[in-house]
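Biologist: Can you put the model up? I'd like to go through some strand and helix contacts with you.

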Amino acid sequence: MTKIGYFPGCSLHGLSREYEESLKAIVAGLDTELVEVDDWSCCGASSAHGTSHLLAVTLPARNLAIAESQGLPEVLAPCAACYARLASARHEIEGDTDLAGHVNRILVRDFKNTVKVRSILEVLKGQVATIKAKATNPLKDLKVACYYGCLLVRPVEVTGGYDDPEDPSSMEDICKAAGAVPVKWNRRLDCCGGGMSMSRTGSVVRLSAAILKDAKAAGADAVVVACPMCHSNLDFRQKAMQQRGAWEGDMPVLFLTQVVGLSMGIDPKTLGMGRHFVSTNSVMARTAGTGSGAGTGTNKATAVAGEVG
Amino acid sequence: MGSHEHSRNHSGPEPLAARVQRMTGLNPACCYQCGKCSAGCPMAAETTLRPHDVMRLVARDRLDKLADADGLWLCLTCETCTSRCPNGCDPARTMDALREIFATGKDGKPPKAISAFHKSFLAQVRAHGRLFEMGLIMSYKLGGGPMFADVTTTPSVLARGKLGLAPHNVKGLDEVRRIFDACAAVAAEEEGR
């Protein structure tokens, strides 16, 4: 059993709770135990770094310091924004002794900045062989558009270069291990509009609709994401895109952890598949082995899929 | 990299390029205007100033031109510009430094909705230690965000169990507030420069 520190972040306990539900559902099968950072607090997200650089470093540093005191050598931050803020803080403190001293004086902690920050792609990439071995229900009829967005693979100074910032492959590799078929498409690294869902919805509609159209043109049945903001913009905002005439159709948007979970035959309800705004029933139909709410029995699930199809 | 604590001997307002360099540790004049940042910028279609324009105006100390620039506030921090800059100029970090200057100072004009969102977001984190999404929505609308936007979609979010009705307060709330207060004190000191 591998133990890894776990920083859920605010979204995984709120708007993107299916991300946490599906993550927790798959880690047992991957022989991994998540050790939550005690009494973690918000990383500051997109609001802190545009307001105060010191705040944007010190808020994540509190969490890294707690993880360090728990003896955790590394922390998984599944939310791409939390990952970027935690990894950036670690990177900046490492390269700036003045800043490190200042942060420690504010925190009143003896923080040595020893904790490595891992993205979900980095962690699952290291588990590709296990995912493949556990894929009792490989998603062989599901064409997926792997969407990285901005913060999972860049800038490389912050990520440490676990994947290529312009031509990444880790998400495709993970989806392939789950049996799904990644399509080739163009907009997998384009920004969806990030944290401007509420404050500038028009920009989010423009950017996210372009992403969905490209995925559709490439023949994808679903878009796969690993970020709560990407999910919210691409799933929840599809209605706004339709209302504003920017997008027609319904594109299911799945968390990467849900794709892995479905391939393991985990009950869709446990994976939070019912929490999406755009129905995931078409995905269930295509994945053949799993039916909506039909438990993990392959035969029964196939029957459900057959009815839908 | 520039420290927040270094005192500076000066006889007039600190020139913008020097100030940004002190904050970021990077010399804005290193930008040679290749435009690669702007070519990849997702918001370049909506902004009057593109990333390479911003870099040039910083290097030329044009605080006046930048104060009116929507580009600073519309920047999504996708980091495409920073990733692709061939000379390590870090436009995304520069945008952050400018927002910090204009957010604390009196010169900048952040769009009302965006400013209200960030203020509401940070107020929630200061109050609870974590983001309370329902609190954010309420406070954002009362603080200058569009009052009736998402009124019809919010019930569907609730129906999916995605919005908590009560905040969770972290135990280390004193520490979180100490962080906010210390950073506010640094910002006040910076504003006095």
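Modeller: Start with one pair: Val144(A) stands opposite Pro182(A) in β6(A). Keep in mind that this is a predicted model.

Biologist: How many bridges join β5 of chain A to β6(A), and do they run parallel or antiparallel?

Modeller: There are 2 bridges between β5(A), residues 143-146, and β6(A), and the two strands run parallel.

Biologist: What is the strand order in the sheet of chain A?

Modeller: The order is β6-β5-β7-β8 in chain A, an open sheet of 4 strands with parallel pairing. In general, strands of a sheet are paired through backbone hydrogen bonds.

Biologist: Which are the edge strands?

Modeller: β6 (181-182) and β8 (253-255) of chain A, each of which pairs on one side only.

Biologist: Which helix packs on the sheet?

Modeller: Helix α13 of chain A, residues 256-263. α13(A) touches β5, β7 (222-225) and β8 of chain A, and the direction of α13(A) makes about 80° with that of β8(A).

Biologist: Switching to the two chains. How many residues of chain A are in contact with chain B?

Modeller: On chain A 49 residues are in contact, and they meet 53 residues of chain B.

Biologist: Which elements give two or more residues to the chain A side?

Modeller: α2 (45-49), α3, α5 (97-107) and α10 (201-217) of chain A. The largest share, 6 residues, is from α3(A).

Biologist: And by class?

Modeller: The chain A side that touches chain B has 21 nonpolar, 18 polar and 10 charged residues.

Biologist: Back to α3(A). At what angle does it pack with α11 of chain B?

Modeller: About 160°, with the axes of α3(A) (residues 53-69) and α11(B) (residues 173-191) 10 Å apart. Angles over 145 degrees count as roughly antiparallel, so α3(A) is roughly antiparallel to α11(B).

Biologist: Is the crossing left-handed or right-handed?

Modeller: Right-handed, as α3(A) passes α11(B).

Biologist: Which residues meet there?

Modeller: From α3(A), Leu54(A), Leu55(A), Thr58(A), Leu59(A) and Arg62(A). They meet Glu175(B), Ile179(B), Phe180(B), Cys183(B) and Val186(B) in α11(B). The residues of this contact divide into 7 nonpolar, 1 polar and 2 charged.

Biologist: Last topic, chain B. What does the domain assignment give?

Modeller: The assignment gives domain 1 (16-104) and domain 2 (112-191) in chain B. Taken over C-alpha atoms, the centres of domain 1 and domain 2 of chain B are separated by 27 Å.

Key: Residues numbered from 1 in each chain as written. Chains lettered and ligands numbered in written order. Predicted model: local features only at pLDDT ≥ 70, side-chain atom pairs only at ≥ 80, totals over all residues. Axes fitted to C-alpha atoms, helices over the stretch in contact; angles between N-to-C directions. Parallel < 35°, antiparallel > 145°, perpendicular 65-115°, else oblique. Left-handed = near helix turned anticlockwise from the far one by under 90°. Contact = placed C-beta atoms within 7 Å. Nonpolar A, V, L, I, M, F, W, Y, C, P; charged D, E, K, R; others polar. Domains from an automatic or database assignment. Pairing = 2+ DSSP bridges.
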